[in-house]
Amino acid sequence: MTFAWHTIFGIVPVPVFYTDGLPDGVGGRQIGPVVQIRPVYRERGDEGIHQHELEHVRQWWATLGLHSLLYLAVRRYRLWAEARAYAVQMRFPNGLGGALTLEDAAWRLTSERYRLGIDVEQARAEIVQA
């Protein structure tokens with residue numbers, strides 16, 4: 001496992017740990033003020049996934065640490081948080097010569113792991129609105 005420092009809000013340091021010890025199908029996750037990302041995304045220079053997870057850390061700080069509780073307990077907050085993180089991710093390169101598309105982001109947002117119960121059209125609209 002390796003790590004690097006990133007910053008949010010221009011000054012707040014965020015440790016990013018690179019590990020394959022994540023659940024299947026998960027490329028990255030935020031736990032409180034810490035980020036974990038699979039090493040393959042660092043190797044290919046995927047700034048998008050980094051910014052997605054850093055957005056969740058911003059949300060964590062903005063809610064004074066209540067982000068995780070809100071995320072688990074309130075479906076509407078979870079939808080807002082993920083739509084916003086995907087909207088941010090789409091603005092950065094994915095290391096494959098492009099960036100995450102709105103269509104791909106919308107499909108990911110409908111994943112069962114988010115437990116949102118929305119379709120692709122709703123997901124697309126939430127991301128565009130974020």
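Which residue in β2 is the bridge partner of Trp-5? The bridge partner of Trp-5 is Pro-15.

## Basis of the model

This is a predicted model, in which local features need pLDDT of at least 70, side-chain atom pairs count only at pLDDT 80 or more, and totals for chains, interfaces and linings use all residues. Residues are numbered from 1 along each chain as its sequence is written, and side-chain values use heavy atoms, with hydrogens and water left out.

Strands β1 (residues 2-8) and β2 (residues 12-18) pair in the antiparallel sense, over seven bridges. Strands here are DSSP E runs of at least two residues, helices are H or I runs of at least four, and both are numbered from the N terminus. Two strands pair if DSSP finds at least two bridges between them.

Three residues sit between the strands of this hairpin. Phe-9 lies in that loop, between β1 and β2. Its phi is near 55 degrees, a positive value in a residue other than glycine.

## The nonpolar cores

The largest nonpolar core has 17 residues. Such a core is a set of buried Ala, Val, Leu, Ile, Met, Phe, Trp, Tyr and Cys residues joined through side-chain atoms within 4.5 Å. Buried means under 20% relative accessible area, exposed means over 50%, and partly exposed is in between (1.4 Å probe, protein chains only). Tyr-86, Leu-109, Tyr-114, Leu-116, Ile-118 and Ile-127 have the most contacts inside this core. Helices α4 (75-89), α5 (102-109) and α6 (120-129) each give two or more residues to it. The most come from α4, with six. Apart from this core lies another, of eleven residues, including Val-14, Val-16, Tyr-41 and Leu-54.

Leaving aside neighbours within four places in sequence, Ile-127 is in contact (heavy atoms within 4.5 Å) with Ala-83, Tyr-86, Ala-87, Met-90, Leu-102, Ala-105, Ala-106 and Leu-109.

Helix α4 has 15 residues. From first C-alpha to last it reaches 21 Å, close to the 21 Å expected at 1.5 Å a residue. That expected span is 1.5 Å times one less than the number of residues. The helix is mostly covered, with eleven of its 15 residues buried. Among the buried residues are Tyr-77, Arg-78, Glu-82, Tyr-86 and Gln-89. Their cover includes α2 (47-62), α3 (67-73), α5 and α6.

Glu-82 is found in α4. Glu-82 is buried, yet has no salt bridge. A salt bridge is a side-chain nitrogen of Lys or Arg within 4 Å of a carboxyl oxygen of Asp or Glu. The nearest side chain of opposite charge is Arg-113, 6.7 Å away. For charge, Lys and Arg count as positive and Asp and Glu as negative, while His and the chain ends are not counted. Leaving aside neighbours within four places in sequence, Glu-82 is in contact with His-52, His-56, Tyr-71, Leu-109 and Tyr-114.

Glu-53 is in helix α2. Glu-53 counts as buried because its relative accessibility is 5%. Not counting residues up to four places away in sequence, Glu-53 touches Gly-28, Arg-29, Gln-30, Val-35 and Ile-37. The C-alpha atoms of Glu-53 and Leu-72 are separated by 16 Å, with the two residues 19 apart along the chain.

Is Leu-64 buried or exposed? Leu-64 is exposed, with a relative accessible area of 77%. Leu-64 is in the loop between α2 and α3. Phi of Leu-64 is near 55 degrees, a positive value in a residue other than glycine.
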